[in-house]
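Open the model in your viewer and colour it by secondary structure. The stops below can be selected one after another.

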Amino acid sequence: MKKRILAVLMIAGLLCGCSGGQGTVLQGQVELTPVSVSETMSQSGYEDLVVHYIDVGQGDSTLLTCKGETMLIDAGENDKGTYVQNYLQKQGITKIDYLIGTHPHSDHIGGADVIITKFDVKHVLLPKKDTDTRTYDDVIQAMRYKSITPEHPSINDSFMLGDARVTILAPGDNDYGDELNDYSIGVLVEHGNDRFIFTGDAETDAESDIVNTGINIEADVYQAGHHGSRTSSSDKFLDAVKPSSVVISCGEDNKYGHPHAETMNKFRERGMAVYRTDEEGTIIATSTGNGITFSDPASQSWKAGEPTGSSQQVEETTMEPDVIENTETGYVLNANTKKFHLPSCESVRKMSEKNRSISNEDRSKLIEQGYSPCGICNP
C-alpha cells in the first residue's frame, strides 16, 4: 500500500512540475515546448516582452520580441539598414513577424529595404499615404522582390505578438494633406499589466485624433513622438497617456535641435523618467507583464537640443549638382507633394527631377501659394 501511495505522489509531482506554461498536458502525456535561452518565464506567467530602442542616430528603429515572435517598428535612415540588420542578427533573429513602417520619411523607413531583403518578413504594415521619393520606392521594390503585399491596418485592428497584444491606434481616415508625419501608424502594446505606446512622428492633429478614438491609451512607456519635437507630445495627448517613462530616439547634436526644450519641460513637469538614445545609446526595456525594467538609468541632464547651422545652410555632400548650383538661398519646392524644403533636407536628394523647382520667395509667400513646410526640415 505504501508503495502504491508513493507511486501516485511521484506521478502527481511530475505532472505539476511540467505545468505552468512550459508544457501542455494531452491525454495524460506531457508535451514539452522548447524555450530558447533568450526567452524567460516571469512569475506572472508571461514570457518576457523585450523592447529594444535601437540607437540609429537621428531616426527611429524599435525591436520587440516576445515568446519567439518579433516586431520591428521602423528601420532608421538609408545608411542604417545594415546596422539594424547586424543588430537583429546579434539577437539571434532570422525572421520578422511584423515590420511596421510608420510613415514614408527616410529616417524611419530608409533601412527597411535591407531588412525586407535580408530577413524572412511575414507582414509589412504601411499607412496608405505614399510619396515619390527614391527611399519609398526602394521599400516597394524590396517587397516586390520578396513577393510581399503591404498591409494597411485600420484603427482597432489587433494581433498577438507572443503574449503581448498589439492594437492599431492610427492613422484613421482623416485627410492630413501632405503632412506625412500625421499619417504615422500608431500602436499600443499590452503585455499583462504593462503597456507601451508608439506613434512615429504623429503631430498635434494626429495625436488629437488618437485621443478621440475612445481607446484607452494609458501607457507606462511612451516613445516620444517625432524625436521629442515641439510639434508632438501635446498636452492633451500626454494627459491621456499618463506615461511614467519616456524614451527619446534622436541623434547626438542633431541639426533639428531634438528634443526641443518645450517638450523636455512637459516631461519634467509631469515627473516622467526620460531615457535618450543620444546620451545612452540603445535602450532596452524588459516587461514581465507586471513591471518594467530598463537597461540604463534615466537621464539626469534634461538637456534640450540645439539646432546646428544656418537655416539657409547648404549641405553640398547630399545634393545633386543641378540643385547645388541654384540653392545658395531659398527653398526647394516639390510640385507633387506641394511641400517646400530647406536645401539640406534629405528629401531634396531623393526628389524626382520633374517635381523639383527652386524658389527664393519667403516662407509666407510660399504658404499663400498653397505650399506647406516640410515637417522634417521646417518643423
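Select residues 49–53 and 283–287 first: these are strands β3 and β15, which run antiparallel and are joined by five bridges. Within this pair, show valine 50; its bridge partner in β15 is threonine 286. The model is a predicted one.

Now widen the selection to the sheet around this pair. Seven strands make up an open sheet with mixed pairing, and their order is β7-β6-β5-β4-β3-β15-β16. Go to its two edges, β7 at 120–125 and β16 at 292–294. Each has a single partner strand, so one side of each lacks a neighbour in the sheet. Looking across the sheet, the twist from one strand to the next averages 20°.

Next, move to another sheet. This one is open too, with four strands in the order β19-β17-β18-β20 and mixed pairing. Its edges are β19 (356–359) and β20 (372–373); each pairs with a single strand, so one side of each is left without a neighbour in the sheet. Select β18, residues 339–341, together with β20: the two pair in the parallel sense over two bridges. Here lysine 339 stands opposite serine 372 of β20.

Turn to the aromatic side chains. Six aromatic pairs are found in a search of the whole structure. One of them is tyrosine 176 with tyrosine 183, an edge-to-face pair with 5.2 Å between the centres and 85° between the planes.

Then select tyrosine 331 and phenylalanine 340, an edge-to-face aromatic pair with centres 4.9 Å apart and planes at 70°. Both tyrosine 331 and phenylalanine 340 are buried.

For a charged side chain at a ring, show lysine 80 and tyrosine 83. Lysine 80 lies over the face of tyrosine 83, 5.7 Å from the ring centre.

Finally, clear the selection and view the whole chain. There are 12 helices and 20 strands. Of the 379 residues, 51% are buried. Counting contacts between residues at least 6 apart in sequence, 66% join residues at least 24 apart.

Note on methods
Residues are numbered from 1 along each chain as its sequence is written. This is a predicted model: local features need pLDDT of at least 70, side-chain atom pairs count only at pLDDT 80 or more; totals for chains, interfaces and linings use all residues. Side-chain values use heavy atoms; hydrogens and water are left out. Two strands pair if DSSP finds at least two bridges between them. Axes are lines fitted to C-alpha atoms, for helices over the stretch in contact, and angles run from 0 to 180 degrees between N-to-C directions. Buried means under 20% relative accessible area, exposed over 50%, partly exposed in between (1.4 Å probe, protein chains only). Contact means heavy atoms within 4.5 Å. Rings of Phe, Tyr and Trp (its six-membered ring) pair if their centres lie within 6.5 Å; planes under 30 degrees apart count as stacked, over 60 as edge-to-face and the rest as tilted. A charge sits over a ring if NZ of Lys or CZ of Arg is within 6 Å of the ring centre and within 35 degrees of the ring normal.
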